[in-house]
Amino acid sequence: MSIDTRTTDPAVVAAPERRRVVAGLADGTVETVADLRVRGRAEEIAAELRETHLPALEEAGYIEWDREAGTIEPGPNFEEAADHVDGLPLPESDDD
């Protein structure tokens, strides 16, 4: 887990998957990686989250990610991330 509070770049939350992580933490619907999976593409999305999106959000200090437990919580720069995604639409999900 990261405790660094370095300055971050709003581009880090530009990807729809990263906005979903931040928005889910902000509204309390995301606590684990499993909460982010979309039906039908669960393994693909989980791999993409683990390999790309969660590390980038953690590096920016937006989230704290416990890889062992699979939990995600707001990081030291979370409010900054939430400000960047506030008002943006969430990406469409594939759960139809």
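# Exercises on a predicted model

The accessible surface of the chain comes to about 5500 Å², and carbon and sulfur atoms hold 47% of that area. The model is a predicted one. Of the 96 residues in the chain, 42% count as buried.

## Exercise 1. Layout of the chain

Solution. 
- Step 1. Among contacts with a separation of 6 or more, 62% are between residues 24 or more positions apart.

## Exercise 2. The strand pair

Task: determine how β1 and β2 run relative to each other, and find the bridge partners in β2 of Ile63 and Trp65.

Solution. 
- Step 1. β1 and β2 run antiparallel and are joined by four bridges.
- Step 2. Ile63 has Pro74 as its bridge partner in β2.
- Step 3. For Trp65, the bridge partner in β2 is Ile72.

## Exercise 3. The nonpolar core

Task: give the number of residues in the largest nonpolar core, and identify elements that each supply at least two residues of this core.

Solution. 
- Step 1. The largest nonpolar core has 21 residues. Those with the most contacts inside the core are Val21, Val22, Leu54, Leu57, Tyr62, Ile63 and Ile72.
- Step 2. At least two residues of this core come from each of α1, α2 (42-59), β1 (63-66) and α3.
- Step 3. Take Ile63 as a case: with residues up to four places away in sequence not counted, Ile63 touches Val21, Leu25, Leu54, Leu57, Glu58, Ile72, Glu73, Pro74 and Gly75.
- Step 4. As a general remark, nonpolar side chains tend to be buried together in soluble globular proteins.

## Exercise 4. The faces of helix α3

Task: list the buried residues of helix α3, explain why they line one face of the helix, and name the elements they pack against.

Solution. 
- Step 1. Helix α3 spans residues 78-85, and its buried residues are Phe78, Ala81, Ala82 and Val85.
- Step 2. Viewed down the axis of α3, these buried residues fall within an arc of 100°, so they line one face of the helix.
- Step 3. Exposed residues Glu79 and Asp83 sit on the face of α3 turned away from the buried side.
- Step 4. The buried residues of α3 pack against α1 (16-27) and β2 (71-74).

## Exercise 5. The salt bridge

Task: find which residue forms a salt bridge with Glu58, and decide whether Glu58 is buried or exposed.

Solution. 
- Step 1. The structure holds one salt bridge. Its members are Glu58 and Arg67, with the closest N and O atoms 2.9 Å apart.
- Step 2. Glu58 lies in helix α2. Because its relative accessible area is 8% and the cut-off for buried is under 20%, Glu58 counts as buried.
- Step 3. Arg67 has a relative accessible area of 49% and is partly exposed.
- Step 4. In general, side chains of opposite charge can pair when their charged atoms come close.
- Step 5. Glu58 and Asn77 are 19 residues apart in sequence, and their C-alpha atoms are 9.6 Å apart in space.

## Exercise 6. Two further residues of α2

Task: classify His53 and Glu59 as buried or exposed, and list the contacts of His53 beyond four places in sequence.

Solution. 
- Step 1. Helix α2 contains His53 and Glu59.
- Step 2. His53 counts as buried, at 6% relative accessibility.
- Step 3. Glu59 has a relative accessible area of 52% and is exposed, the cut-off for exposed being over 50%.
- Step 4. Leaving aside neighbours within four places in sequence, His53 is in contact with Ala15, Glu17, Arg18 and Glu48.
- Step 5. His53 and Val21 are 32 residues apart in sequence, with 8.8 Å from C-alpha to C-alpha.
- Step 6. Glu59 and Gly75 are 16 residues apart along the chain, and 9.8 Å separates their C-alpha atoms.

Conventions: Residues numbered from 1 in each chain as written. Predicted model: local features only at pLDDT ≥ 70, side-chain atom pairs only at ≥ 80, totals over all residues. Heavy atoms only, no water. Buried < 20%, exposed > 50% of the residue type's maximum accessible area, 1.4 Å probe, protein only. Arc of directions from axis to C-beta. Contact = heavy atoms within 4.5 Å. Salt bridge = Lys/Arg side-chain N within 4 Å of Asp/Glu carboxyl O. Areas by Shrake-Rupley, 256 points an atom, 1.4 Å probe, with all protein chains shown as cover. Core = buried A, V, L, I, M, F, W, Y, C linked by side-chain atoms within 4.5 Å. Pairing = 2+ DSSP bridges.
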